[in-house]
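Open the model in a viewer and follow the stops below in order. Each stop says what to select and what is found there.

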Protein chains: 2
Amino acid sequence: MLARGTRVLAAVSGGADSTALAWLLAELDARKIVTLAGLAHLNHQLRGDAADRDEDFCRALAARVGVPFECEREDVGAEARTLGVSVEVAARGARYAFLARAADKQSAVCVATGHTLDDQAETVLLRLLRGAGNRGHSGIRPVRETVIRPLIDCRRTELRDYLAHRGETFREDASNADVAIPRNRVRHELLPVIERMAPGGLAALARSASLAADDEDFLEAAAIIAASDVVLVDGDGVQLNVAALARLAPAIARRVIRGAIERVSGSEVGRLTAAHIEAVRNLDAGHLDLAGVRIDRVGERLKVQGTKMVGLKAELQ
Amino acid sequence: MLARGTRVLAAVSGGADSTALAWLLAELDARKIVTLAGLAHLNHQLRGDAADRDEDFCRALAARVGVPFECEREDVGAEARTLGVSVEVAARGARYAFLARAADKQSAVCVATGHTLDDQAETVLLRLLRGAGNRGHSGIRPVRETVIRPLIDCRRTELRDYLAHRGETFREDASNADVAIPRNRVRHELLPVIERMAPGGLAALARSASLAADDEDFLEAAAIIAASDVVLVDGDGVQLNVAALARLAPAIARRVIRGAIERVSGSEVGRLTAAHIEAVRNLDAGHLDLAGVRIDRVGERLKVQGTKMVGLKAELQ
């Protein structure tokens with residue numbers, strides 16, 4: 001995951017996991033295994049005073065570790081409203097865009113995040129309980145482009161033990177206790193039952209996710225190849241050949257449709273669910289409006305267009 | 001799943017699900033939609049008196065429904081010891097072999113089982129918590145060769161309500177309460193938490209399984225095509241070309257290995273886990289003994305042989 005001597009930036013929130021990440025990378029830096037280029041923190045301005053105290057904590061942490069601190073503030077709530085997406089989606093987009101800028105400024109070749117085995121198990125369960133299929137089953141990728149998750153095989157409790165052992169503190173995120181958030185219900189209600197029922201079950205789920213990720217890579221590659229017979233770029237949008245789509249295995253047809261929609265909507269697409277994809281597969285007539293995309297059945301074609309572009313064109317006319 | 005007029009045999013245990021199945025198929029028969037060819041029950045001789053009372057209940061049920069009754073007794077415990085597999089694996093093998101014979105005797109073209117959405121969710125969770133990957137995620141197939149599961153989208157509670165509405169009884173299987181059995185822990189401890197936490201979560205999990213099944217079909221087909229470059233039939237066993245195997249995507253390489261082992265071991269293979277497959281992928285030297293199969297690394301080949309055959313050959317020499 002980390003070649004010897006790599007310059008890595010650590011993303012920190014102030015929570016236990018990413019605080020442990022910062023100290024662990026600092027240890028590897030001291031042993032000349034990697035170079036810790038700095039800590040990076042995005043203040044999402046979502047939790048008022050608490051968010052500012054998280055920022056202060058992270059700034060102080062960087063000073064104690066002895067590395068540069070990259071920080072930005074972004075009104076993620078406003079961003080979510082502007083884009084018409086959930087706060088979670090807007091926050092993720094803003095965070096990774098910020099991390100790429102911060103890595104650039106510190107000449108880091110990759111960004112490490114503090115995702116743990118617990119995060120992996122939560123993510124997989126959350127997505128499967130929403131009917132997400134193999135893509136959901138794949139969970140969090142240990143390496144995705146320039147983002148790495150070196151703690152993905154570590155338990156959250158191990159990291160807290162490590163911090164306690166070092167005598168280091170961290171910030172408790174009050175929103176982690178909010179059981180109105182589905183992820184927190186999985187964390188606080190489901191995970192403990194699994195742990196009690198099937199010791200090792202969460203680690204097995206994480207291994208299952210890693211197999212699913214390899215499956216997904218193969219299926220995605222097959223879909224990209226298959227798309228050349230199905231997808232036709234058409235100005236701002238794309239067209240899908242219905243007959244060619246019907247000849248594909250269902251597993252591949254679904255991924256070709258997803259790819260076409262994501263191509264048109266870019267990162268603006270909110271949560272494109274398996275049910276949306278099935279609706280597109282079964283669109284015999286008329287049109288569908290998904291998050292940011294409109295799909296029209298026109299004869300033996302499915303026309304996929306971004307609704308922002310459609311709106312923009314209407315304004316210009 | 002059931003073409004109009006199909007002759008179908010119903011597999012019954014005496015429990016609520018399969019009792020409801022029998023009555024539902026009898027209703028479809030009365031409305032001339034399908035033909036219920038009979039009820040079939042295998043007495044596994046695993047629970048003494050209770051097993052005999054289950055058999056009696058099923059015989060009486062067939063008489064009340066007014067269809068033929070097919071029944072056999074088999075000492076599944078002894079069978080499991082002979083084969084060196086778990087009682088669960090031996091019971092499944094014995095049951096499906098019996099059902100095929102029974103369908104044949106009653107000229108039924110398919111066998112219906114009482115698997116429900118609850119069974120599907122249990123199966124998927126159980127397998128994922130063992131790290132089973134997409135194959136586990138696929139769960140129970142609604143249609144597999146001549147076996148169909150018409151209740152796979154029904155909740156267990158719906159079927160009990162249906163029986164109560166009809167005034168019909170069923171047998172409670174005492175072993176369903178035994179929380180030493182992992183499936184029962186999933187049923188009694190995990191499912192209720194999911195239901196409370198995420199209403200609709202079990203149905204979503206079942207939808208996810210159905211997507212995974214389509215993915216698995218595609219991946220299996222790709223592995224069968226890929227196998228022609230990797231697998232060489234060698235007398236009683238097979239050989240795998242290590243270099244050719246290494247060129248495959250991991251998703252496909254794993255399935256080629258599984259296919260080779262299953263080809264050699266036939267139905268004798270017990271529980272071939274993802275960890276076994278990884279061990280074969282990483283076998284640099286020496287050999288591995290899996291359930292019923294021995295794998296030797298010989299130069300740039302992996303030789304896969306059934307240990308029963310190896311034993312038999314030694315005896316003959």
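**The two chains together**

The model is a predicted one. Start by colouring chain A and chain B separately. Chain B is superposed on chain A by a rotation of 180° with 0.0 Å of shift along its axis, at an RMSD of 0.1 Å. This is the relation of a two-fold axis. Both copies use the same surface, since 100% of the contact residues of chain B recur in chain A.

**The interface**

Select the residues of each chain that touch the other chain. The contact involves 35 residues of chain B and 35 residues of chain A. About 3,000 Å² is buried between chain B and chain A, and 70% of that is on carbon and sulfur atoms. Which residues of chain B lose the most area to chain A? Show Leu129(B), Met197(B) and Phe218(B): they are the ones, and together they account for 23% of what that side buries.

Next, pick Asp214(A), which sits in helix H9 of chain A. Leaving aside neighbours within four places in sequence, Asp214(A) is in contact with Pro250(B), Ala251(B) and Arg254(B).

Is Ala213(A) buried or exposed? Ala213(A) has a relative accessible area of 8%; the cut-off for buried is under 20%, so Ala213(A) counts as buried. Not counting residues up to four places away in sequence, Ala213(A) touches Ser138(A) and Arg141(A). The C-alpha atom of Ala213(A) is separated by 8.0 Å from that of Asn134(A), and these two are 79 residues apart along the chain.

**H9 against H11**

Stay in chain A and show helix H9 (residues 201–227) with helix H11 (residues 250–265). These two helices pack at an angle of about 75°, and their axes are 9 Å apart. H9(A) is therefore roughly perpendicular to H11(A). On the H9(A) side the contact is made by Glu216(A), Leu219(A), Glu220(A), Ala222(A), Ala223(A), Ala226(A) and Ala227(A), and on the H11(A) side by Ala251(A), Ile252(A), Arg255(A) and Val256(A). By class, the residues of this contact of H9(A) with H11(A) are eight nonpolar, no polar and three charged.

Now move to the corresponding helices of chain B. Helix H9 (residues 201–227) and helix H11 (residues 250–265) of chain B pack at about 75° with axes 9 Å apart, which makes H9(B) roughly perpendicular to H11(B). Among the residues that meet here are Leu219(B) and Ala223(B) in H9(B), and Ile252(B) and Val256(B) in H11(B). The contact of H9(B) with H11(B) divides into eight nonpolar, no polar and three charged residues.

**Arg187(B)**

Select Arg187(B), in helix H8 (residues 182–197) of chain B. Arg187(B) has a relative accessible area of 17% and is buried. What is Arg187(B) in contact with, leaving aside its neighbours within four places in sequence? The list is Asp119(B), Glu122(B), Arg156(B), Asn176(B) and Pro192(B).

**Leu99(A)**

Return to chain A and pick Leu99(A), in helix H4 (residues 87–105). Leu99(A) is buried, at a relative accessible area of 4%. Not counting residues up to four places away in sequence, Leu99(A) touches Leu9(A), Ala11(A), Ala40(A) and Val111(A).

The last stops concern backbone torsions. Most residues other than glycine have a negative phi.

- Lys32(A) has a phi near 60°, a positive value in a residue other than glycine. Lys32(A) is in the loop between helix H1 (16–30) and strand E2 (35–43) of chain A, and at 67% relative accessibility Lys32(A) counts as exposed.
- Gln45(B) has a positive phi of about 50° and is not a glycine. Look for Gln45(B) in the loop between strand E2 (35–43) and helix H2 (48–65) of chain B. At 36% relative accessibility, Gln45(B) counts as partly exposed.

Note on methods. Residues are numbered from 1 along each chain as its sequence is written. Chains are lettered from A and ligands numbered from 1 in the order in which they are written. This is a predicted model: local features need pLDDT of at least 70, side-chain atom pairs count only at pLDDT 80 or more; totals for chains, interfaces and linings use all residues. Side-chain values use heavy atoms; hydrogens and water are left out. Helices (H or I, at least four residues) and strands (E, at least two) are DSSP runs, numbered from the N terminus. Buried means under 20% relative accessible area, exposed over 50%, partly exposed in between (1.4 Å probe, protein chains only). Contact means heavy atoms within 4.5 Å. Copies are superposed by least squares on the C-alpha atoms of residues with pLDDT of at least 70 in both. Axes are lines fitted to C-alpha atoms, for helices over the stretch in contact, and angles run from 0 to 180 degrees between N-to-C directions. Angles under 35 degrees count as roughly parallel, over 145 as roughly antiparallel, 65 to 115 as roughly perpendicular and the rest as oblique. Ala, Val, Leu, Ile, Met, Phe, Trp, Tyr, Cys and Pro count as nonpolar, Asp, Glu, Lys and Arg as charged, and the others, Gly among them, as polar. Buried area is the accessible area (1.4 Å probe) that two parts lose on being put together, summed over both.
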